[in-house]
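Please look through the structure shown here, and then follow the explanation below.

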Amino acid sequence: MLDLPPSPALSIVQNGPKGFKGRKLGVLVSDGTDAALLGALESATESAGGLIELVAPQVNGFRTSDGSLRPAKQKINGGPSVLYDAVAILVSAGGAALLGSEATARDFVADAFAHATFIGFVNAAKSLLDKAGIAPDGGCLALAAPVDAQRLVTMCGDVRFWQREKSVHAV
């Protein structure tokens, strides 16, 4: 094995994007997703110049907490978290129970964590995090109210939560 010295010119950490412009947020949703929080997250992401993509249990859509039918771009078994620069988990309690039994939903969360991706999550999603073996760290943000959406998008401007690398990778 040939060890080369680090190259500042090739460093993603030193030369990465500033902010969330041009990047994509994947949002795992379910029936009962908080409509106000989802709307705030969409607004904050779009204001930052980012893109948002909804991932649901069924591609034909989901109903938000206000009864609106929303289309999904991806079905959970076809939209893994590796497609996104950051993720948010806005599932309802019923959605978390359903997705906790779905391997691809657990993988969505576990893979995001393993790749040092920033993760926003609602309280109802804690059971899904538990089933994926995730203990939230400094790269995870609890989303309790619409005002937290901007905090998540701002946090995601750092590309990845690099401090997590040591705890998830042995090699």
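**A helix, a core and a loop**

In this predicted model, the buried residues of helix α4 are A105, F108, V109, A112 and F113. They lie on the same side of α4, because they cover an arc of only 120° around the axis. An α-helix has 3.6 residues a turn, so residues three or four places apart point the same way.

The helix itself runs over residues 103-114, which makes 12 residues. From the first C-alpha to the last, α4 reaches 16 Å, close to the 16 Å expected at 1.5 Å a residue. Just after α4 comes A116, whose phi is positive, at about 60°.

Next, the core. The largest nonpolar core contains 48 residues. Those with the most contacts inside this core are V27, L28, L41, I89 and L90. Take L41 as an example: leaving out residues up to four places away in sequence, L41 touches L25, V27, I52, A88, L90, A149, L152 and V153.

The last stop is T33, found in the loop between β1 (24-28) and α2 (35-47). Is T33 buried or exposed? T33 counts as buried because its relative accessibility is 0%, and the cut-off for buried is under 20%. A polar atom of the T33 side chain lies 2.8 Å from the backbone oxygen of S30. Apart from neighbours within four places in sequence, T33 is in contact with L38, F62, R63, T64, S65, L90, V91 and S92. One of these, L90, is also among the core residues with the most contacts, and L90 is touched by L41 as well.

How values were computed. Residues numbered from 1 in each chain as written. Predicted model: local features only at pLDDT ≥ 70, side-chain atom pairs only at ≥ 80, totals over all residues. Heavy atoms only, no water. Helix = DSSP H or I, 4+ residues; strand = E, 2+ residues; numbered from the N terminus. Expected span 1.5 Å × (residues − 1). Buried < 20%, exposed > 50% of the residue type's maximum accessible area, 1.4 Å probe, protein only. Arc of directions from axis to C-beta. Core = buried A, V, L, I, M, F, W, Y, C linked by side-chain atoms within 4.5 Å. Contact = heavy atoms within 4.5 Å. Polar contact = N/O pair within 3.5 Å; in protein donor to acceptor, adjacent residues only side chain to side chain.
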